[in-house]
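I opened this notebook to record what I looked up about aromatic rings and strand pairing. The entries follow the structure itself.

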Amino acid sequence: MSVDIGSRLRHLRSLHNLSQRELAKRTGVTNSTISLIESNSSNPSVGALKRILDGIPIGLAEFFAFEPEKPRKAFYAAEELVEIGKGPISYRQIGDHLFGRSLQILKECYQPGSDTGKVPLVHEGEEGGIVLSGRLEVTVDEDRRILGPGDAYYFESRRPHRFRCVGPVPCEVISACTPPSF
């Protein structure tokens, strides 16, 4: 059984009305470490997780036994989209957590020249998106296309893929993937 520690921590921190910075101050752990854990970019040691949970406060057993309520909210204002990206690529997610959800929807913004990295992304599921503005180079396997406003993509995410903004203006995309991968 796999536990999504990052989403679980983000959800509990939000329930207690704590920012990442506030939790970091309480625990002596940097807020960048908390951010990496919440985005599932880093797995904390048991000791580090305990130190972080002490700042909420919640014990390890309670943390792993906690079952959040399924989301009931249906509508989100623009300012309620949660930023889960970093650097020159913005990923604004609909909903503050993905517990009980099988679909992730993002509003993506790539700054000119930004890309998802030289190493192609590979994960389970499917994903698709529609370019709203700018130009996005999408590579899936060995197939590479430059998409403009109104153009779209849809593929199995286990196929190696990469995204890159081409041109002098930012590229905005609305995308969805299932299961959630961020």
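**Aromatic cluster and sheet**

I noted that Tyr153, Phe155 and Phe163 form one aromatic cluster. Rings of Phe, Tyr and Trp (its six-membered ring) pair if their centres lie within 6.5 Å; planes under 30 degrees apart count as stacked, over 60 as edge-to-face and the rest as tilted.

I recorded the basis of these entries: the model is predicted, local features need pLDDT of at least 70, side-chain atom pairs count only at pLDDT 80 or more, and totals for chains, interfaces and linings use all residues. Residues are numbered from 1 along each chain as its sequence is written, and side-chain values use heavy atoms, with hydrogens and water left out.

I searched the whole structure and found five aromatic pairs. In one, the ring centres of tyrosine 153 and phenylalanine 163 are 5.3 Å apart with planes at 50°, so the pair is tilted. Tyrosine 153 lies in strand β7 (residues 152-156) and phenylalanine 163 in strand β8 (residues 161-166), 10 residues apart. Strands here are DSSP runs (E, at least two residues), numbered from the N terminus.

I checked burial (under 20% relative accessible area, 1.4 Å probe, protein chains only). Tyrosine 153 is buried at 10%, and phenylalanine 163 is buried at 3%.

I then turned to the strands. An open sheet of three strands runs in the order β6-β5-β8 with antiparallel pairing; two strands pair if DSSP finds at least two bridges between them. Strand β5 (residues 135-140) pairs with β8 over six bridges. Arginine 135 has valine 166 in β8 as its bridge partner.

Technical notes: Helix = DSSP H or I, 4+ residues; strand = E, 2+ residues; numbered from the N terminus. Buried < 20%, exposed > 50% of the residue type's maximum accessible area, 1.4 Å probe, protein only.
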